[in-house]
Amino acid sequence: MHCNLTSHNIDEKDFSMYCLVASIINGCNYCMNVHIGKLRKHNCSSETIRDIGRIVSVIKAAGDVLEIERMRSYDFVVREESF
């Protein structure tokens, strides 16, 4: 999924960080590499990029756990076969 937002009032470095977050959530390696490259051009440290990845990964994992728990609490009803 390619995002082509060209008119915004967000600092370019911050915008690249937001795009990296979205890329990590969507699991798009190509986009992650593009946005990491842009962040490096803005002199963003490897530690900052790593921290973004760590924070997003924890938040995504927490969301996944909540979704699994929501699904587990669903009352599953076995339907009789109707042949």
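I take the expected span of a helix as 1.5 Å times one less than its number of residues. Helices (H or I, at least four residues) and strands (E, at least two) are DSSP runs, numbered from the N terminus.

I note that this is a predicted model, in which local features need pLDDT of at least 70 and side-chain atom pairs count only at pLDDT 80 or more, while totals for chains, interfaces and linings use all residues. Residues are numbered from 1 along each chain as its sequence is written, and side-chain values use heavy atoms, with hydrogens and water left out.

**Overall make-up**

I looked up the elements and found three helices and zero strands. Along the sequence the pattern reads α-α-α. I call a residue buried under 20% relative accessible area, exposed over 50%, and partly exposed in between (1.4 Å probe, protein chains only). Of the 83 residues, 20% count as buried. The protein exposes about 7,100 Å², and carbon and sulfur atoms supply 56% of that area; accessible areas come from the Shrake-Rupley method with a 1.4 Å probe, and for residues only the protein chains shown count as cover.

**Helix α3**

I checked the length of α3: its 27 residues should span 39 Å at 1.5 Å a residue, and its end C-alpha atoms are 39 Å apart, so the two agree. Ile49, Ile52, Gly53 and Val56 are buried in α3. Their cover includes α1 and α2.

**Helix α1**

I did the same for α1 (residues 12–26): its 15 residues should span 21 Å at 1.5 Å a residue, which agrees with end C-alpha atoms 21 Å apart. At the start of α1, a side-chain oxygen of Asp11 comes to within 3.2 Å of the backbone nitrogen of Lys13. After α1 comes Gly27, with a positive phi near 70°. The buried residues of α1 are Phe15, Ser16, Met17, Cys19, Leu20, Ser23 and Ile24. What covers them includes α2 (29–41) and α3 (46–72).

**Core and contacts**

I define a nonpolar core as a set of buried Ala, Val, Leu, Ile, Met, Phe, Trp, Tyr and Cys residues joined through side-chain atoms within 4.5 Å. The largest one has 10 residues: Met17, Leu20, Ile24, Met32, Ile36, Leu39, Cys44, Ile49, Ile52 and Val56. Each of α1, α2 and α3 supplies at least two residues of this core.

I then picked Leu39, counting as contact any heavy atoms within 4.5 Å. Neighbours within four places in sequence aside, Leu39 touches Lys13, Ser16, Met17, Leu20, Cys44 and Ile49. Among contacts between residues at least 6 apart in sequence, 50% join residues at least 24 apart.

How values were computed. Polar contact = N/O pair within 3.5 Å; in protein donor to acceptor, adjacent residues only side chain to side chain.
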